[in-house]
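Dear colleague,

Please find the structure below, together with its sequence. My notes on what was found in it follow.

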Amino acid sequence: VNEADELRNLLQRYARAADQRDIGALAELFDPDAVISGTRGEQPLDAWLDTMRSPRTFPTSMHFLGDPLVALDEGGEQATLDTYAVVYQLGDRDAGHADLTLGIRYVDDVVRSANGWVILRRRVETLWMR
Amino acid sequence: VNEADELRNLLQRYARAADQRDIGALAELFDPDAVISGTRGEQPLDAWLDTMRSPRTFPTSMHFLGDPLVALDEGGEQATLDTYAVVYQLGDRDAGHADLTLGIRYVDDVVRSANGWVILRRRVETLWMR
Amino acid sequence: VNEADELRNLLQRYARAADQRDIGALAELFDPDAVISGTRGEQPLDAWLDTMRSPRTFPTSMHFLGDPLVALDEGGEQATLDTYAVVYQLGDRDAGHADLTLGIRYVDDVVRSANGWVILRRRVETLWMR
(Lines give C-alpha, C1' and ligand atoms only; values in the text may rest on other atoms or scores of the structure.)
Protein backbone atom coordinates (compact mmCIF):
# COMPACT_ATOMS: atom_id res chain seq x y z
CA VAL A 1 0.00 0.00 0.00
CA ASN A 2 1.53 3.30 -1.07
CA GLU A 3 1.39 6.68 0.68
CA ALA A 4 -1.56 8.01 -1.29
CA ASP A 5 -3.55 4.88 -0.46
CA GLU A 6 -2.84 5.30 3.26
CA LEU A 7 -3.98 8.91 3.03
CA ARG A 8 -7.19 7.89 1.27
CA ASN A 9 -7.82 5.29 3.97
CA LEU A 10 -7.43 7.99 6.64
CA LEU A 11 -10.23 9.98 5.00
CA GLN A 12 -12.51 6.97 4.60
CA ARG A 13 -11.99 6.03 8.24
CA TYR A 14 -13.02 9.57 9.10
CA ALA A 15 -16.25 9.20 7.11
CA ARG A 16 -17.21 5.98 8.88
CA ALA A 17 -16.30 7.21 12.37
CA ALA A 18 -18.27 10.43 11.83
CA ASP A 19 -21.34 8.59 10.54
CA GLN A 20 -21.23 6.08 13.38
CA ARG A 21 -20.53 8.84 15.89
CA ASP A 22 -17.59 6.80 17.13
CA ILE A 23 -15.73 9.48 19.11
CA GLY A 24 -12.87 7.17 20.06
CA ALA A 25 -12.28 6.27 16.41
CA LEU A 26 -12.49 9.95 15.42
CA ALA A 27 -9.91 10.95 18.05
CA GLU A 28 -7.40 8.45 16.63
CA LEU A 29 -7.47 10.21 13.25
CA PHE A 30 -6.16 13.51 14.64
CA ASP A 31 -2.98 14.70 16.28
CA PRO A 32 -3.75 15.50 19.97
CA ASP A 33 -2.92 19.15 19.20
CA ALA A 34 -5.06 19.29 16.09
CA VAL A 35 -7.11 22.36 15.26
CA ILE A 36 -10.35 22.22 13.25
CA SER A 37 -11.66 25.39 11.68
CA GLY A 38 -15.03 25.85 10.08
CA THR A 39 -18.40 27.45 10.69
CA ARG A 40 -17.85 27.33 14.46
CA GLY A 41 -14.54 29.21 14.10
CA GLU A 42 -11.34 27.56 15.23
CA GLN A 43 -11.60 24.67 17.70
CA PRO A 44 -8.95 22.55 19.38
CA LEU A 45 -9.55 18.80 18.97
CA ASP A 46 -11.14 18.25 22.39
CA ALA A 47 -13.72 21.00 21.95
CA TRP A 48 -14.53 19.72 18.47
CA LEU A 49 -14.95 16.15 19.75
CA ASP A 50 -17.36 17.52 22.37
CA THR A 51 -19.54 19.00 19.65
CA MET A 52 -19.52 15.58 17.94
CA ARG A 53 -20.57 13.96 21.23
CA SER A 54 -23.59 16.23 21.62
CA PRO A 55 -27.04 14.92 20.60
CA ARG A 56 -27.56 14.68 16.86
CA THR A 57 -29.94 16.95 15.08
CA PHE A 58 -30.08 14.39 12.27
CA PRO A 59 -30.31 10.72 13.22
CA THR A 60 -28.43 9.50 10.10
CA SER A 61 -25.55 11.00 8.20
CA MET A 62 -23.39 9.95 5.27
CA HIS A 63 -20.05 11.62 4.64
CA PHE A 64 -19.57 10.83 0.97
CA LEU A 65 -16.04 11.85 0.02
CA GLY A 66 -14.50 12.38 -3.37
CA ASP A 67 -10.95 11.51 -4.19
CA PRO A 68 -8.47 13.78 -2.39
CA LEU A 69 -6.12 16.08 -4.27
CA VAL A 70 -2.89 14.94 -2.60
CA ALA A 71 0.22 17.09 -2.22
CA LEU A 72 2.91 15.03 -0.51
CA ASP A 73 5.89 16.93 0.92
CA GLU A 74 9.37 16.09 -0.32
CA GLY A 75 10.39 14.35 2.88
CA GLY A 76 7.25 12.20 2.82
CA GLU A 77 6.37 13.08 6.43
CA GLN A 78 3.73 15.70 5.71
CA ALA A 79 1.01 16.13 3.14
CA THR A 80 -1.96 18.31 2.30
CA LEU A 81 -5.26 16.71 1.29
CA ASP A 82 -7.90 18.76 -0.48
CA THR A 83 -11.11 16.72 -0.55
CA TYR A 84 -14.55 17.45 -1.89
CA ALA A 85 -17.43 15.82 -0.04
CA VAL A 86 -21.18 15.72 -0.13
CA VAL A 87 -22.53 15.30 3.38
CA TYR A 88 -26.05 13.92 3.64
CA GLN A 89 -27.75 14.77 6.93
CA LEU A 90 -30.98 12.82 6.95
CA GLY A 91 -33.86 14.03 9.06
CA ASP A 92 -36.43 11.88 10.78
CA ARG A 93 -39.16 11.85 8.16
CA ASP A 94 -41.76 10.32 10.47
CA ALA A 95 -41.34 13.39 12.65
CA GLY A 96 -41.63 15.63 9.59
CA HIS A 97 -37.99 16.73 9.68
CA ALA A 98 -36.29 17.76 6.46
CA ASP A 99 -32.91 16.59 5.20
CA LEU A 100 -29.88 18.81 4.81
CA THR A 101 -27.28 18.22 2.09
CA LEU A 102 -23.98 20.06 2.15
CA GLY A 103 -21.20 20.47 -0.38
CA ILE A 104 -18.00 20.54 1.64
CA ARG A 105 -14.32 21.01 0.97
CA TYR A 106 -11.92 19.64 3.56
CA VAL A 107 -8.36 20.95 3.44
CA ASP A 108 -6.22 18.86 5.79
CA ASP A 109 -2.60 19.20 6.84
CA VAL A 110 -1.58 15.68 7.80
CA VAL A 111 1.58 14.33 9.38
CA ARG A 112 3.01 10.90 9.85
CA SER A 113 2.90 9.79 13.49
CA ALA A 114 3.78 6.58 15.34
CA ASN A 115 0.19 5.46 14.59
CA GLY A 116 0.25 6.31 10.91
CA TRP A 117 -1.02 9.46 9.25
CA VAL A 118 -3.05 11.87 11.39
CA ILE A 119 -4.71 15.23 10.78
CA LEU A 120 -2.89 18.18 12.34
CA ARG A 121 -5.05 20.94 10.95
CA ARG A 122 -8.41 20.74 9.18
CA ARG A 123 -10.17 23.57 7.44
CA VAL A 124 -13.81 22.87 6.59
CA GLU A 125 -15.28 25.05 3.86
CA THR A 126 -19.01 24.83 3.15
CA LEU A 127 -19.43 25.36 -0.58
CA TRP A 128 -23.20 25.02 -0.60
CA MET A 129 -26.11 23.82 1.48
CA ARG A 130 -29.61 22.67 0.52
CA VAL B 1 -0.67 -0.42 -11.23
CA ASN B 2 -0.66 -1.39 -7.57
CA GLU B 3 -3.06 -3.67 -5.70
CA ALA B 4 -5.29 -0.87 -4.41
CA ASP B 5 -5.66 0.49 -7.94
CA GLU B 6 -6.71 -2.92 -9.24
CA LEU B 7 -9.28 -3.15 -6.46
CA ARG B 8 -10.65 0.29 -7.28
CA ASN B 9 -10.91 -0.69 -10.93
CA LEU B 10 -12.94 -3.77 -9.93
CA LEU B 11 -15.47 -1.51 -8.22
CA GLN B 12 -15.66 0.94 -11.10
CA ARG B 13 -16.17 -1.91 -13.56
CA TYR B 14 -19.04 -3.03 -11.35
CA ALA B 15 -20.64 0.41 -11.52
CA ARG B 16 -20.52 0.51 -15.31
CA ALA B 17 -21.72 -3.07 -15.78
CA ALA B 18 -24.62 -2.48 -13.39
CA ASP B 19 -25.68 0.76 -15.10
CA GLN B 20 -25.44 -0.80 -18.55
CA ARG B 21 -27.18 -3.95 -17.33
CA ASP B 22 -24.36 -5.95 -18.85
CA ILE B 23 -24.94 -9.28 -17.13
CA GLY B 24 -21.93 -10.93 -18.73
CA ALA B 25 -19.64 -8.17 -17.50
CA LEU B 26 -21.22 -8.36 -14.03
CA ALA B 27 -20.67 -12.12 -13.83
CA GLU B 28 -16.94 -11.69 -14.50
CA LEU B 29 -16.55 -9.54 -11.40
CA PHE B 30 -17.65 -12.29 -9.04
CA ASP B 31 -16.36 -15.68 -8.01
CA PRO B 32 -18.75 -18.37 -9.40
CA ASP B 33 -19.58 -19.30 -5.78
CA ALA B 34 -20.14 -15.72 -4.68
CA VAL B 35 -22.93 -14.81 -2.28
CA ILE B 36 -24.65 -11.42 -2.26
CA SER B 37 -26.61 -10.39 0.81
CA GLY B 38 -28.87 -7.40 1.08
CA THR B 39 -32.53 -6.47 1.18
CA ARG B 40 -33.48 -9.68 -0.63
CA GLY B 41 -31.63 -11.77 1.98
CA GLU B 42 -28.75 -13.95 0.89
CA GLN B 43 -28.51 -14.89 -2.79
CA PRO B 44 -26.04 -17.06 -4.68
CA LEU B 45 -24.55 -15.33 -7.71
CA ASP B 46 -26.84 -16.95 -10.30
CA ALA B 47 -30.02 -15.95 -8.51
CA TRP B 48 -28.72 -12.42 -8.04
CA LEU B 49 -27.81 -12.16 -11.73
CA ASP B 50 -31.36 -13.27 -12.56
CA THR B 51 -32.75 -10.34 -10.57
CA MET B 52 -30.43 -8.04 -12.52
CA ARG B 53 -31.74 -9.57 -15.77
CA SER B 54 -35.36 -8.84 -14.90
CA PRO B 55 -37.04 -5.74 -16.40
CA ARG B 56 -35.90 -2.47 -14.86
CA THR B 57 -38.22 -0.43 -12.72
CA PHE B 58 -36.02 2.58 -13.47
CA PRO B 59 -34.80 3.04 -17.04
CA THR B 60 -31.54 4.77 -16.00
CA SER B 61 -29.25 4.21 -13.05
CA MET B 62 -25.93 5.60 -11.88
CA HIS B 63 -23.86 3.75 -9.30
CA PHE B 64 -21.71 6.56 -8.00
CA LEU B 65 -19.04 5.04 -5.76
CA GLY B 66 -16.79 6.68 -3.22
CA ASP B 67 -13.26 5.60 -2.58
CA PRO B 68 -13.10 2.16 -0.93
CA LEU B 69 -11.64 1.66 2.52
CA VAL B 70 -9.18 -1.11 1.62
CA ALA B 71 -7.92 -3.76 4.04
CA LEU B 72 -5.46 -5.97 2.20
CA ASP B 73 -4.59 -9.30 3.84
CA GLU B 74 -0.96 -10.00 4.69
CA GLY B 75 -0.53 -12.55 1.93
CA GLY B 76 -1.93 -10.18 -0.67
CA GLU B 77 -4.43 -12.75 -1.97
CA GLN B 78 -7.50 -11.48 -0.14
CA ALA B 79 -8.89 -8.08 0.77
CA THR B 80 -11.96 -6.42 2.20
CA LEU B 81 -13.39 -3.34 0.51
CA ASP B 82 -15.79 -1.09 2.37
CA THR B 83 -17.30 1.34 -0.14
CA TYR B 84 -19.86 4.08 0.21
CA ALA B 85 -22.04 4.71 -2.81
CA VAL B 86 -24.91 6.90 -3.85
CA VAL B 87 -27.11 5.04 -6.30
CA TYR B 88 -29.31 7.20 -8.50
CA GLN B 89 -32.32 5.34 -9.88
CA LEU B 90 -33.93 7.68 -12.37
CA GLY B 91 -37.59 7.31 -13.18
CA ASP B 92 -39.25 8.01 -16.48
CA ARG B 93 -40.40 11.58 -15.91
CA ASP B 94 -42.57 11.66 -19.02
CA ALA B 95 -44.56 8.84 -17.45
CA GLY B 96 -44.70 10.73 -14.16
CA HIS B 97 -42.38 8.30 -12.36
CA ALA B 98 -40.32 9.59 -9.44
CA ASP B 99 -36.60 9.03 -8.89
CA LEU B 100 -35.13 7.00 -6.07
CA THR B 101 -31.77 7.85 -4.51
CA LEU B 102 -30.07 5.43 -2.15
CA GLY B 103 -27.11 5.74 0.19
CA ILE B 104 -25.41 2.36 0.10
CA ARG B 105 -22.47 0.71 1.80
CA TYR B 106 -20.92 -2.26 0.01
CA VAL B 107 -18.71 -4.52 2.10
CA ASP B 108 -16.90 -6.93 -0.22
CA ASP B 109 -14.63 -9.85 0.50
CA VAL B 110 -12.49 -10.15 -2.60
CA VAL B 111 -9.95 -12.74 -3.67
CA ARG B 112 -7.36 -12.90 -6.35
CA SER B 113 -8.29 -15.35 -9.12
CA ALA B 114 -6.75 -16.36 -12.43
CA ASN B 115 -8.75 -13.47 -13.95
CA GLY B 116 -7.70 -10.88 -11.40
CA TRP B 117 -9.59 -9.78 -8.30
CA VAL B 118 -13.18 -11.03 -7.93
CA ILE B 119 -15.87 -10.61 -5.29
CA LEU B 120 -16.46 -13.69 -3.16
CA ARG B 121 -18.97 -12.19 -0.77
CA ARG B 122 -20.85 -8.90 -0.95
CA ARG B 123 -22.93 -7.41 1.80
CA VAL B 124 -25.14 -4.50 0.67
CA GLU B 125 -26.31 -2.19 3.43
CA THR B 126 -28.85 0.50 2.61
CA LEU B 127 -28.02 3.48 4.79
CA TRP B 128 -30.82 5.70 3.52
CA MET B 129 -33.33 6.01 0.70
CA ARG B 130 -35.15 9.04 -0.71
CA VAL C 1 3.28 8.82 -6.18
CA ASN C 2 2.35 6.25 -8.81
CA GLU C 3 0.85 6.79 -12.25
CA ALA C 4 -2.73 6.22 -11.19
CA ASP C 5 -2.35 8.78 -8.40
CA GLU C 6 -1.02 11.37 -10.84
CA LEU C 7 -3.99 10.69 -13.10
CA ARG C 8 -6.41 11.10 -10.22
CA ASN C 9 -4.74 14.38 -9.30
CA LEU C 10 -5.25 15.60 -12.87
CA LEU C 11 -8.99 15.02 -12.53
CA GLN C 12 -9.22 16.67 -9.13
CA ARG C 13 -7.31 19.70 -10.41
CA TYR C 14 -9.87 19.87 -13.19
CA ALA C 15 -12.72 19.92 -10.68
CA ARG C 16 -11.23 22.78 -8.68
CA ALA C 17 -10.26 24.84 -11.72
CA ALA C 18 -13.75 24.42 -13.20
CA ASP C 19 -15.49 25.40 -9.96
CA GLN C 20 -13.23 28.42 -9.46
CA ARG C 21 -13.55 29.33 -13.13
CA ASP C 22 -9.76 29.54 -13.27
CA ILE C 23 -9.28 29.47 -17.05
CA GLY C 24 -5.48 29.54 -16.80
CA ALA C 25 -5.49 26.51 -14.53
CA LEU C 26 -7.98 24.73 -16.82
CA ALA C 27 -5.81 25.37 -19.89
CA GLU C 28 -2.82 23.69 -18.20
CA LEU C 29 -4.73 20.43 -17.87
CA PHE C 30 -5.18 19.99 -21.61
CA ASP C 31 -2.91 19.46 -24.57
CA PRO C 32 -2.96 22.65 -26.74
CA ASP C 33 -4.55 20.56 -29.52
CA ALA C 34 -7.14 18.97 -27.26
CA VAL C 35 -10.69 18.40 -28.47
CA ILE C 36 -13.69 18.36 -26.12
CA SER C 37 -16.91 16.77 -27.31
CA GLY C 38 -20.24 16.95 -25.57
CA THR C 39 -23.61 18.62 -25.85
CA ARG C 40 -22.10 21.51 -27.85
CA GLY C 41 -20.64 19.05 -30.38
CA GLU C 42 -16.90 18.92 -30.87
CA GLN C 43 -14.85 21.92 -29.75
CA PRO C 44 -11.14 22.65 -29.94
CA LEU C 45 -9.64 23.67 -26.60
CA ASP C 46 -9.67 27.43 -27.28
CA ALA C 47 -13.34 27.51 -28.19
CA TRP C 48 -14.21 25.40 -25.16
CA LEU C 49 -12.21 27.70 -22.86
CA ASP C 50 -14.16 30.63 -24.31
CA THR C 51 -17.43 29.02 -23.28
CA MET C 52 -15.96 28.58 -19.77
CA ARG C 53 -15.02 32.27 -19.76
CA SER C 54 -18.55 33.40 -20.57
CA PRO C 55 -20.81 34.62 -17.72
CA ARG C 56 -22.07 31.84 -15.49
CA THR C 57 -25.71 30.89 -15.47
CA PHE C 58 -25.15 29.36 -12.02
CA PRO C 59 -23.02 31.33 -9.53
CA THR C 60 -21.70 28.21 -7.75
CA SER C 61 -20.76 24.79 -9.08
CA MET C 62 -19.27 21.63 -7.62
CA HIS C 63 -17.73 19.02 -9.88
CA PHE C 64 -17.89 15.99 -7.63
CA LEU C 65 -15.91 13.20 -9.29
CA GLY C 66 -15.90 9.50 -8.59
CA ASP C 67 -12.83 7.36 -8.86
CA PRO C 68 -11.68 6.97 -12.49
CA LEU C 69 -11.60 3.62 -14.23
CA VAL C 70 -7.99 3.76 -15.41
CA ALA C 71 -6.63 1.95 -18.45
CA LEU C 72 -2.92 2.65 -18.73
CA ASP C 73 -1.24 1.84 -22.06
CA GLU C 74 1.63 -0.63 -22.10
CA GLY C 75 4.26 2.03 -22.72
CA GLY C 76 2.98 4.14 -19.82
CA GLU C 77 2.74 7.28 -21.98
CA GLN C 78 -0.98 7.19 -22.67
CA ALA C 79 -4.07 6.27 -20.68
CA THR C 80 -7.82 6.39 -20.83
CA LEU C 81 -9.81 7.61 -17.82
CA ASP C 82 -13.49 6.83 -17.52
CA THR C 83 -14.89 8.92 -14.68
CA TYR C 84 -18.37 9.27 -13.26
CA ALA C 85 -19.25 12.67 -11.82
CA VAL C 86 -22.16 14.45 -10.26
CA VAL C 87 -22.06 18.12 -11.17
CA TYR C 88 -24.00 20.43 -8.89
CA GLN C 89 -24.94 23.72 -10.54
CA LEU C 90 -26.40 25.87 -7.80
CA GLY C 91 -28.78 28.63 -8.68
CA ASP C 92 -29.15 31.94 -6.89
CA ARG C 93 -31.99 31.11 -4.52
CA ASP C 94 -32.57 34.71 -3.48
CA ALA C 95 -33.35 35.42 -7.12
CA GLY C 96 -35.63 32.36 -7.24
CA HIS C 97 -33.36 30.37 -9.52
CA ALA C 98 -33.46 26.58 -9.36
CA ASP C 99 -30.47 24.25 -9.12
CA LEU C 100 -29.41 21.82 -11.80
CA THR C 101 -27.77 18.50 -10.98
CA LEU C 102 -26.16 16.41 -13.70
CA GLY C 103 -24.88 12.85 -13.82
CA ILE C 104 -21.86 12.95 -16.11
CA ARG C 105 -19.41 10.47 -17.55
CA TYR C 106 -16.07 11.86 -18.69
CA VAL C 107 -14.03 9.66 -21.00
CA ASP C 108 -10.56 11.16 -21.37
CA ASP C 109 -7.62 10.18 -23.54
CA VAL C 110 -4.61 11.50 -21.67
CA VAL C 111 -0.95 11.66 -22.61
CA ARG C 112 2.21 12.36 -20.72
CA SER C 113 3.71 15.74 -21.63
CA ALA C 114 6.68 17.77 -20.41
CA ASN C 115 4.29 19.21 -17.78
CA GLY C 116 2.86 15.89 -16.62
CA TRP C 117 -0.33 14.22 -17.77
CA VAL C 118 -2.69 16.28 -19.93
CA ILE C 119 -6.02 15.60 -21.62
CA LEU C 120 -5.80 15.15 -25.38
CA ARG C 121 -9.42 14.26 -26.00
CA ARG C 122 -12.42 14.48 -23.69
CA ARG C 123 -15.84 13.08 -24.36
CA VAL C 124 -18.55 14.34 -22.01
CA GLU C 125 -21.64 12.17 -21.78
CA THR C 126 -24.63 13.45 -19.82
CA LEU C 127 -26.26 10.41 -18.23
CA TRP C 128 -29.05 12.32 -16.50
CA MET C 129 -30.11 15.82 -15.51
CA ARG C 130 -32.47 17.04 -12.80
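Buried area, as used here, is the accessible area (1.4 Å probe) that two parts lose on being put together, summed over both. This is a predicted model, in which local features need pLDDT of at least 70 and side-chain atom pairs count only at pLDDT 80 or more, while totals for chains, interfaces and linings use all residues. Residues are numbered from 1 along each chain as its sequence is written, chains are lettered from A and ligands numbered from 1 in the order in which they are written, and side-chain values use heavy atoms, with hydrogens and water left out.

Chain B against chain A

The area buried between chain B and chain A is about 1800 Å², and carbon and sulfur atoms give 55% of it. On the chain B side, B:Asp67, B:Tyr84 and B:Arg130 lose the most area to chain A, together 40% of what that side buries. In terms of contact (heavy atoms within 4.5 Å), 23 residues of chain B meet 21 residues of chain A.

Four salt bridges link chain B and chain A, a salt bridge being a side-chain nitrogen of Lys or Arg within 4 Å of a carboxyl oxygen of Asp or Glu. B:Arg130 and A:Asp99 form a salt bridge through their side chains, at 2.6 Å from N to O. Helices (H or I, at least four residues) and strands (E, at least two) are DSSP runs, numbered from the N terminus. On the side of chain B that touches chain A, α1, β3, β4, β5 (100-113) and β6 (116-129) each supply at least two residues. The largest share, seven residues, comes from β3(B). By class, this side has 14 nonpolar, four polar and five charged residues; Ala, Val, Leu, Ile, Met, Phe, Trp, Tyr, Cys and Pro count as nonpolar, Asp, Glu, Lys and Arg as charged, and the others, Gly among them, as polar.

Chain B against chain C

Here 21 residues of chain B are in contact with 23 residues of chain C. Chain B and chain C bury about 1800 Å² between them, with 55% of it on carbon and sulfur atoms. B:Arg16, B:Met62 and B:Phe64 supply 36% of the area that chain B buries against chain C, more than any other three residues.

There are four salt bridges between chain B and chain C. In a salt bridge of 3.6 Å (N to O), the side chain of C:Asp67 meets that of B:Arg8. The side of chain B that touches chain C draws at least two residues from each of α1 (3-19), β3 (60-72) and β4 (78-90) of chain B. α1(B) gives the most to this side, with eight residues. Its classes are six nonpolar, seven polar and eight charged residues.

Relation of the copies

B:Thr83 is in strand β4 of chain B and counts as buried, at 0% relative accessibility; buried means under 20% relative accessible area, exposed over 50% and partly exposed in between (1.4 Å probe, protein chains only). Not counting residues up to four places away in sequence, B:Thr83 touches residues including A:Arg16, B:Leu11 and B:Tyr106.

C:Gln89 lies in strand β4 (residues 78-90) of chain C. C:Gln89 is buried, with a relative accessible area of 19%.

With kind regards
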